[in-house]
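Hi,

Here is the structure I promised to pass on. Have a look at it first, and then read on for what I found in it.

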Amino acid sequence: MIKKILKWTGIVLGSVILLLCLAYFYVSHNIGQRMEKKYTFAPESLDVSQDQALLSRGKHLVAIKGCTDCHGTDLSGKVLVEDGALGRLVAANLTKGQGGLPANYTTTDWVKALRHGVDKNGQALLFMPSHETTLLSAQDMAAIIAYCQSVEPVNKPLPAIEVGPVVKVMAYLDKMPLFPVEKIDHGKPMVTQVDTVEGVAMGKYLAVACSGCHGNNLKGGDPVAPGYPPVPNITQAGHVGKWTQAQFIQTLRTGKTPEGKQLSNDNMPWKMTAQYTDKELASIYKYCQSIQ
Ligand code: HEC
Ligand code: HEC
């Protein structure tokens, strides 16, 4: 009797493991094909003049859009994560130094990356939030490109990206934005210039940088990755609804909420939000408050 039960348990367990292996093999193959896929888009350029106003606007944008969080303050790139389950995620060296962008990386290539989410060869950029940068106005995108092209070259060769099993499965289930290229409406024309008056419209434009974690409607949700806290609702319905504009600005500058909670920069990038101007934060506040 016992022998029979053991035998059947063995068969059932064995079949489950076999099925899981087949499922993983399928997922892995699917992700591999999406990584290899080549996209073509009509080449586009932007007028990227190196004038001082554009460069300083670019520098500000690179800080508030989180480019420096991932690519480093000097834009020389870095290994973001390295672990057996997640793999190795590497943000590229964006300078012209060794290991950086090739000498023939043109403004058109920059636009391809920021607007369409693909590299020079047309292959998907992994984890690079191009689904957010694609919403930049042409003017802001030009400012970012001008600034990035102007930084000092840094020699820093980086290891290649390796997508680990957990990331493959999460990307397959659409729980992680591994392929921003797939999320972009590529036919949508770029907005030339955006509202620069403090208010809801400007806030909505800027809050694209929050939506990756807080969700498109800013109502929060599940943790962005295993091991992170749930993401709070930052509309009227959440704590933010009870805060004054000054308290909101104070929170995004110091990471300390009016309820006395110190937010960790690893979970909520307040060192990035600290760099927004008062006008920008006031606009984001107004936008958050406008969402029922
Ligand atoms: C969440 C982290 C993250 C943020 C934020 C981020 N990047 Fe990236 N970026 C990456 C990663 C990772 C790659 C490498 C993608 C690859 O090689 O598949 C990358 C690649 C790039 C590339 C393509 C380089 C190439 O080899 O073609 C450019 C250009 C770029 N980023 C510019 C920017 C700019 C400008 C910003 C800010 C507006 C920015 N990135 C914000 C993670 C990030
Ligand atoms: C990388 C993901 C990420 C991004 C990007 C991000 N947040 Fe957060 N934010 C979080 C997480 C996670 C928390 C909760 C942290 C905790 O509980 O410790 C949080 C907390 C907050 C809080 C505190 C809310 C409360 O109820 O106490 C505010 C306000 C906030 N974020 C605003 C913003 C704004 C505005 C932006 C864009 C300019 C932004 N966040 C961008 C992940 C993010």
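Before the notes, one cut-off: a residue counts as buried when its relative accessible area is under 20%. Please also keep in mind that this is a predicted model.

Most residues other than glycine have a negative phi. Leu218 has a positive phi, near 60°, and sits in the loop between H9 and H10. Is Leu218 buried or exposed? Its relative accessibility is 1%, and because the cut-off is 20%, Leu218 counts as buried. Leu75 also has a positive phi, near 65°. This residue is found in the loop between H3 and S1, and it is buried, with a relative accessible area of 0%.

Now to ligand 1, which has 22 residues around it. Those that come nearest are Cys67, Cys70, His71, Leu126 and Met128.

- His71 places a polar side-chain atom 2.8 Å from a nitrogen atom of ligand 1.
- Tyr105 has a polar side-chain atom 3.0 Å from an oxygen atom of ligand 1.
- Leu126 uses a polar backbone atom, which lies 2.8 Å from an oxygen atom of ligand 1.

Helix H3 (67-71), S2 and helix H4 (107-116) are the elements that give two or more residues to this shell. By class, the shell around ligand 1 holds 17 nonpolar, 3 polar and 2 charged residues.

Strand S1 (residues 78-83) runs antiparallel to strand S2 (residues 87-91), and the two pair over 5 bridges. A hairpin of 3 residues joins S1 to S2, and Val81 stands opposite Leu89 in S2.

Ligand 2 is next, with 21 residues around it. Which of them come nearest? They are Cys210, Cys213, His214, His239 and Met268. The polar contacts here are made by side chains:

- His214 has a polar side-chain atom 2.8 Å from a nitrogen atom of ligand 2.
- His239 has a side-chain N or O atom 2.7 Å from an oxygen atom of ligand 2.
- Lys261 has a side-chain N or O atom 2.9 Å from an oxygen atom of ligand 2.

Helix H9 (208-214) and H10 each supply at least two residues of the shell around ligand 2. The largest share, 4 residues, comes from H9. The classes in this shell are 15 nonpolar, 5 polar and 1 charged.

That leaves H10 itself, which spans residues 245-254 and has Phe248, Ile249, Thr251 and Leu252 buried. Why do these buried residues line one face of the helix? Seen down the axis of H10, they fall within an arc of 160°, so they line one face. As a reminder, an α-helix has 3.6 residues a turn, so residues three or four places apart point the same way. The cover over the buried residues of H10 includes helix H11 (270-273) and helix H12 (278-290).

Best wishes

Technical notes:
Residues are numbered from 1 along each chain as its sequence is written. Chains are lettered from A and ligands numbered from 1 in the order in which they are written. This is a predicted model: local features need pLDDT of at least 70, side-chain atom pairs count only at pLDDT 80 or more; totals for chains, interfaces and linings use all residues. Side-chain values use heavy atoms; hydrogens and water are left out. Buried means under 20% relative accessible area, exposed over 50%, partly exposed in between (1.4 Å probe, protein chains only). The arc is that of the directions from the helix axis to the C-beta atoms. Contact means heavy atoms within 4.5 Å. A residue is near a molecule or strand if one of its heavy atoms lies within 4 Å of it. A polar contact is a pair of N or O atoms within 3.5 Å; within protein, one must be able to donate a hydrogen and the other to accept it, and residues adjacent in sequence count only if both atoms are side-chain atoms. Ala, Val, Leu, Ile, Met, Phe, Trp, Tyr, Cys and Pro count as nonpolar, Asp, Glu, Lys and Arg as charged, and the others, Gly among them, as polar. Two strands pair if DSSP finds at least two bridges between them.
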